[in-house]
Amino acid sequence: MQKQKLLGKDFVAMIWKKDDTLVYKKELGDFNSKTQAPIASCSKWLTAALVMIFVDEGKISLDDKITKWLPEFEKYGKNYITIRNCLSHTTGVRSEPITLLKIFERKKFASLEEEVNSFAAKDIEANPGEEFRYSNIGLNIAGRILEIISKRKFDALARQRLFVPLAMRKTTFSTLDGSAINPSGGALSTPDDYLHFLVMLMNKGTYQGKKILSADAVNQLLQVQTKPELIKYAPKAAQGYNYALGSWVIEEKNGEATAVTSPGLFGTWPMIDYCRGYAYLFFVKNLLGEERADAQMEIKQEIDEKFVNSCK
């Protein structure tokens, strides 16, 4: 509440303990845990998890070349980009920082296929895997590959394979205006729904007795993919952090993330701390235009004091 002016007047904050207990919930302003709102880049975590469902099924491998499904990239000499590069923002394809203006600009694309084909023609800034630049390019390429493999539109696929099994009834990638689906930043969700997703990841792929992902798939999502010298562009909120697959690494040990987050441009901040065994979700309704990292890290310190660190 001390930080309400900074973080936004309408928000929900929740903490879920690993033994499957909601231990804290606060709803402030004109907002509650069933209210749907855009979650911007929190969508990337959902898309990375959806990719791992296909990895679990043996339909793709993280080290597959994307040209296997997207020959357009081969035409432009982008033969070596892998799915892993896509989930870790290391494709090497030229990108611009994610802004509200860029989000609105992409409405010119009629489909995800059209947008991804436009990426093929972009300049290369670095060899795949050599430089990290945070953008919407990689996750949208991965989303398009899932469409090709499944022969389904990305929003229908996410609903069938992820949202229905997780009882995320008010979460969707569908657009009302018929514009292109955006796997990197286009989801709408509710605090209750997104918490289901965090609980599944915290429980190593299982939600209410249902296996959504294998424990190995969750562990792969936690493998640190970058080093500080690789990072050429990161949004202000994430500067100084490494990246895993679909999420930022707040804390790590021996090359594996122990605390991760995937914040959105509008201020929503989901986080899992595996060492202390909790998931934290700060879900905001307003358009702040920037993630409030410092405030969230202070809140995390407060929460950390209530939990035992099992990694020490």
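1. Lys-34 and Asp-192 form a salt bridge in which the closest N and O atoms are 3.6 Å apart, a salt bridge being a side-chain nitrogen of Lys or Arg within 4 Å of a carboxyl oxygen of Asp or Glu. This pair links distant parts of the chain, 158 residues apart, since Lys-34 sits in the loop between β2 (21-28) and β3 (37-38) while Asp-192 belongs to helix α9 (residues 191-202). Helices (H or I, at least four residues) and strands (E, at least two) are DSSP runs, numbered from the N terminus. Lys-34 is exposed, with a relative accessible area of 54%, where exposed means over 50% relative accessible area, buried under 20%, and partly exposed in between (1.4 Å probe, protein chains only).

2. Please keep in mind that this is a predicted model, in which local features need pLDDT of at least 70 and side-chain atom pairs count only at pLDDT 80 or more, whereas totals for chains, interfaces and linings use all residues. Residues are numbered from 1 along each chain as its sequence is written, and side-chain values use heavy atoms, with hydrogens and water left out.

3. By the salt-bridge rule, the count comes to 21. One of these joins the side chains of Arg-161 and Glu-57, at 2.3 Å from N to O. Arg-161 lies in helix α8 (residues 154-163) and Glu-57 in the loop between α2 (43-56) and α3 (71-75), so this pair ties together parts that are 104 residues apart in sequence. Arg-161 is partly exposed at 23% relative accessibility, and Glu-57 is also partly exposed, with a relative accessible area of 37%.

4. What is the N to O distance in the salt bridge between Asp-273 and Lys-300? The side chains of Asp-273 and Lys-300 meet at 2.8 Å, and the pair links strand β12 (residues 269-273), which holds Asp-273, to helix α11 (residues 293-304), which holds Lys-300, across 27 residues. Both Asp-273 and Lys-300 are buried.

5. Salt bridges that share partners also join Arg-94, Asp-123, Glu-125, Glu-131 and Arg-133 into one network.

6. Returning to helix α9, its 12 residues reach 16 Å from the first C-alpha to the last, close to the 16 Å expected at 1.5 Å a residue, where the expected span is 1.5 Å times one less than the number of residues. Helix α9 is mostly covered, with 12 of its 12 residues buried, including Asp-192, Tyr-194, Phe-197 and Met-202. After α9 comes Lys-204, whose phi is positive, near 55°.
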